[in-house]
Amino acid sequence: MSLKLRIDLLIGLLLVLGLAADVGRMVMAAGSRVRIENESMTRITRAFIASSLANAPEDAANGERMQRLAASLTDLRHVQVRFSAQPEMAAAEAPLDESRLAAPQWFYALVGAHPQSVVVPVLRDGRRLGAFLIAGDPADEVNEVWQDVKTLGAIGGLMVLALMLGASAIVARTLAPLETYGRALGRLRDGDYAVRAEARGSPEFVDLCAKLNALAEALARLSDEKRDLFHRLMNAQEQERKAMAHDLHDEIGPHLFALRANAALLRGAAEQAGFSDLAARAGAICGQIETLQETNRRILRRLRPPALDDLGVGPALRSLVEGWRETQPDVRIDLVLPENFEIADQDQRLAVYRLVQEALTNVFRHAGAHRAEIALERDEAGQIRVRVDDDGAGLGPDSVIGLGLAGMRERARGLGGEVHLGRAALGGCRVEAVLPPHAALTRGRP
C-alpha cells in the first residue's frame, strides 16, 4: 500500500469518525429532546383540559361533550388526548400510533423515546364521570430527529467526500517530489549518474533533493575514478602482456630454437657414431623442446596475437579459435565472420579480440559447454556487434559477475559501447557487445 493511499485512508477515517460522532451526539441528545417536548405538551394540555372543565357549565359534564373536547385536541403535536367513561380502563388506553413513525423501529428504540401517559379525572359533585387520557406521542419529534440525521448524513457525507478528494489532491501534490526522487534513484541504480532531481516542495523535500543530488555527484565522481583506475589497469595489463610477449618471442624463443637445433645435431652425431641409446634420448629432447615451442607460441597468441596488428581482427580471431580447438577438441567452436570484415580502429580491434577471448575463456572454464558460436557483424548504423553463445549451464539467478565480465563491460564503456548478458539460442549463456562506429573513449585508452 502506497504512502499516499495510507494518508488518504487515514484522513477519510478521521472525517468519517467525525461525522459519526456528530450523528451520535444528535441521537444521544434526541432522547432528552423528545422527553422535554412531551412533558411540556402534556403539562400544557393537562392545564388546558383542567381549565376547560372548570369553566364548563354544570350540564356540560356528560360523555358526549367530553368526547367533543377530546376530539378538538386531536391535532396537537407530541400528545394524544382521549376521553374514557370507564376510569378504570383509562390507563390501559395509552396507545402509540406506530403508523405515524417515519423513522425505523430500531431508530425509535435507539433514541429511547418512551411515551408517558397522564390521567385527568372528570369529577362532578364528588362523582367520577370519566377521565381524559393524555398520552405522549413522540412520533413527530422522532421523525424530525430522523430527518435531521438523514440530512446531516447526506450533507456530511458529501462534505466528507469533497474533503477527502481535496485532501487527496493536496497529499498527491505534497508527495509529488517523492515520485521524482524515486525515478532519480532508479536511474542511479541503473548507472545513470548524470541524473539530477529538481528541488521543489517543502523544506524537508528540498533538503532531501540536495542530498540526493550530492549522492549522484559523489557516485558520478566515484564512477569516473573507477573507470580511470580500470583503464590504467587495462593499460598496465596490456603493457605487461606486450612485455611478456616480447620476452617470450625475443628471449625464450631463440633459446628454444637453439636447444632444438643442438639436440638435433646431437641426435645425428649419435646415430653416426652408433650410439642408439644416446640418439633416442636426443630425439626425446627434440620432441620436448618442440612441445615447449608450441606452448610458447600458444601463450604468445593469448598475450598479444601478432596477427591482430599485422593481419587484422579476422585472422587473429581465427588463430584464437584454432588454439582453443587444439586444447579443447571435444568442443565445437564456430566462427561467423562476414566477408572482408575488418575494424580500422586499433582500440576497437583490441577490445573485440579481448571480449571474444574472455568470453571463450569463461565458456571453457565455467560453462561446461559442448558448443560455442562467435559471430561478428556491422549493422546498418555502423555499429560493431560481437556475440558469443554457448550451450552450457548459463547464468543462474545467484551467479556473481566476475572480474572478466566486469572487464568486458568496462572495455566496451570505455569505447562508448555496452555489453549485455542473457540466454543464448543454444540454451546457455550469451555475451553480446555493441560498439559505436568510431571509438569514443571517455578516458585514457586501455
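# Briefing: helices, surface and salt bridges

Lys211 is exposed, with a relative accessible area of 55%; here exposed means over 50% relative accessible area, buried under 20% and partly exposed in between, using a 1.4 Å probe and protein chains only. The model you are looking at is predicted, and local features are reported at a pLDDT of at least 70, side-chain atom pairs at pLDDT 80 or more, while totals for chains, interfaces and linings take in all residues. Residues are numbered from 1 along each chain as its sequence is written, and side-chain values rest on heavy atoms, with hydrogens and water left out.

**The chain as a whole**

- Of its 446 residues, 37% count as buried.
- Among contacts with a separation of 6 or more, 69% come from residues 24 or more positions apart, a contact being heavy atoms within 4.5 Å.
- The exposed surface comes to about 25900 Å², and carbon and sulfur atoms supply 57% of that area; accessible areas follow the Shrake-Rupley method with a 1.4 Å probe, and for residues only the protein chains shown count as cover.

**Helix H1**

- H1 covers residues 3–55, which makes 53 residues, and its first and last C-alpha atoms are 77 Å apart, close to the expected 78 Å at 1.5 Å a residue. The expected span is 1.5 Å times one less than the number of residues.
- At Ala30 the helix bends by about 30 degrees, the bend being the angle between axes fitted to the seven residues ending at a residue and the seven starting there.
- Ala30 itself is buried, and the other buried residues of H1 include Asp8, Gly12, Val27, Gly31, Val34 and Asn38.
- Further along H1, the buried residues include Met41, Thr42, Thr45, Ile49 and Leu53.
- Leu14 also sits in H1, but this residue is exposed at 55% relative accessible area.
- Together with Leu10, Leu13 and Leu17, Leu14 makes a nonpolar surface patch of about 400 Å². Patches are built from residues with over 30% relative accessible area and no salt bridge, joining like charges within 9 Å and nonpolar side chains (Val, Leu, Ile, Met, Phe, Trp, Tyr) within 5 Å.

**Helix H8**

- H8 has 15 residues, 313–327, and spans 21 Å from first C-alpha to last, close to the 21 Å expected at 1.5 Å a residue.
- Its buried residues are Val313, Gly314, Ala316, Leu317, Leu320, Val321, Gly323 and Trp324.

**A loop residue with positive phi**

- Most residues other than glycine have a negative phi.
- Asn340 is not a glycine, yet its phi is positive, at about 60 degrees.
- This residue belongs to the loop between strand S4 (332–336) and helix H9 (346–367), and Asn340 is exposed at 73% relative accessibility.

**Salt bridges**

- The structure holds 16 salt bridges, each a side-chain nitrogen of Lys or Arg within 4 Å of a carboxyl oxygen of Asp or Glu.
- Glu432 pairs with Arg385, their closest N and O atoms lying 3.8 Å apart. This pair links distant parts of the chain, with Glu432 in strand S8 and Arg385 in strand S6 (residues 384–390), 47 residues apart.
- Both partners are partly exposed, Glu432 at 21% and Arg385 at 26%.
- Lys211 from the opening sentence bridges to Asp207, with the closest N and O atoms 3.3 Å apart. Both residues lie in helix H5 (residues 203–273), four residues apart, or about one turn of the helix.
- An α-helix has 3.6 residues a turn, so residues three or four places apart point the same way. Asp207 is partly exposed at 40% relative accessibility.
- Arg187 and Asp192 meet at 2.6 Å, N to O; Arg187 is partly exposed at 42%, and Asp192 is partly exposed at 27%.

**Arg430 and its network**

- Arg430 lies in strand S8 (residues 429–435) and is partly exposed at 23% relative accessibility.
- Salt bridges link Arg430 into a network with Arg332, Asp334, Arg371, Glu373, Arg387 and Asp389.
- Leaving aside residues up to four places away in sequence, Arg430 touches Arg387, Val388, Asp389, His420, Leu421, Gly422, Arg423, Ala424 and Ala425.
- Ala372 is 58 residues from Arg430 in sequence, while their C-alpha atoms are 9.9 Å apart in space.

Definitions and conventions:
Helix = DSSP H or I, 4+ residues; strand = E, 2+ residues; numbered from the N terminus.
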